[in-house]
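Dear colleague,

Please find below the structure I am handing over to you. My notes on it follow directly after.

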Amino acid sequence: MSPVKDEGGKIREIAMILKDVTDKIETERMLIQTISDKKAAEEKFQIISERLSLAVKAGNIGIWEWVPNTNHMFWDETTENIFGFSLGAFPRTSDVFTRCIHPEDRDLVWGSIATALEEKKSYKTDFRINRRDGVTRWIQGSGMALYDTHGKAYHMMGTV
């Protein structure tokens, strides 16, 4: 807003420029709401994640992941314990996992995994393992894969 004055310095009119900022204000409100919604979702996810973690630990359930292209595996602390490895001692390869499976059950386990990958389904099977301390134990393994746009499995995860 600017006053327009005459030669005597008296204001004879006021010049105003108005701009509609409705879109700006609505966008800012939507952004604030989106941030608020995201924060609430993250807090809810954190609570669910903590509960899931507690349930998994209480149930002595191990979690594993496998990348088929590299044969790299990840085992959580519980899985390492189930197989008799000390924390961080699992070499993270499917070859070591295979050697842990009782020789008579290896075809069953890898056959179940292969069928699940081929049919794009989850699998569940009971099998024996030979722990590092020499003790043979029965466990139940289950898992499912993630697939790329070409239908090729690029990540598999599950529980024992």
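E42 is partly exposed, with a relative accessible area of 46%, where partly exposed lies between buried (under 20% relative accessible area) and exposed (over 50%), using a 1.4 Å probe and protein chains only. Its side chain meets that of K38 in a salt bridge, at 3.9 Å from N to O; the term requires a side-chain nitrogen of Lys or Arg within 4 Å of a carboxyl oxygen of Asp or Glu. K38 counts as exposed, at 54% relative accessibility. K38 and E42 are four residues apart in helix α1 (residues 22-58), so about one helical turn separates them. Helices (H or I, at least four residues) and strands (E, at least two) are DSSP runs numbered from the N terminus.

Please note that this is a predicted model, in which local features need pLDDT of at least 70 and side-chain atom pairs count only at pLDDT 80 or more, while totals for chains, interfaces and linings use all residues. Residues are numbered from 1 along each chain as its sequence is written, and side-chain values use heavy atoms, with hydrogens and water left out.

Further salt bridges

The count of salt bridges comes to seven. Among them is the pair E119 and K121, whose closest N and O atoms are 3.8 Å apart. E119 is partly exposed at 43% relative accessible area, and K121 is likewise partly exposed at 49%. R131 and D133 also meet through their side chains, at 3.0 Å from N to O.

Five strands make up an open sheet, with antiparallel pairing, in the order β4-β3-β7-β6-β5; two strands pair if DSSP finds at least two bridges between them. β4 and β5 are the edge strands, each pairing on one side only. From one strand to the next, the twist averages 25 degrees. Helix α4 packs on this sheet, touching β3, β5, β6 and β7, and its direction makes about 155 degrees with that of β5. Such angles run from 0 to 180 degrees between N-to-C directions, the axes being lines fitted to C-alpha atoms, for helices over the stretch in contact.

E65 has M157 as its bridge partner in β7 and stands opposite F74 in β4, while W64 stands opposite G158 in β7. β3 and β4 form a hairpin with four residues between them, and N71 in the turn has a positive phi of about 60 degrees.

The nonpolar core

The largest nonpolar core has 24 residues, and those with the most contacts inside it are W64, W75, F83, F97 and M156. Such a core is a set of buried Ala, Val, Leu, Ile, Met, Phe, Trp, Tyr and Cys residues joined through side-chain atoms within 4.5 Å. At least two core residues come from each of β3 (63-67), β4 (72-75), α3 (94-100), α4 (106-119), β5 (123-130), β6 (136-147) and β7 (153-159). α4 gives the most, with four residues.

Beyond its neighbours within four places in sequence, W75 is in contact (heavy atoms within 4.5 Å) with I63, W64, E80, F83, F85, F90, R92 and F97.

With kind regards
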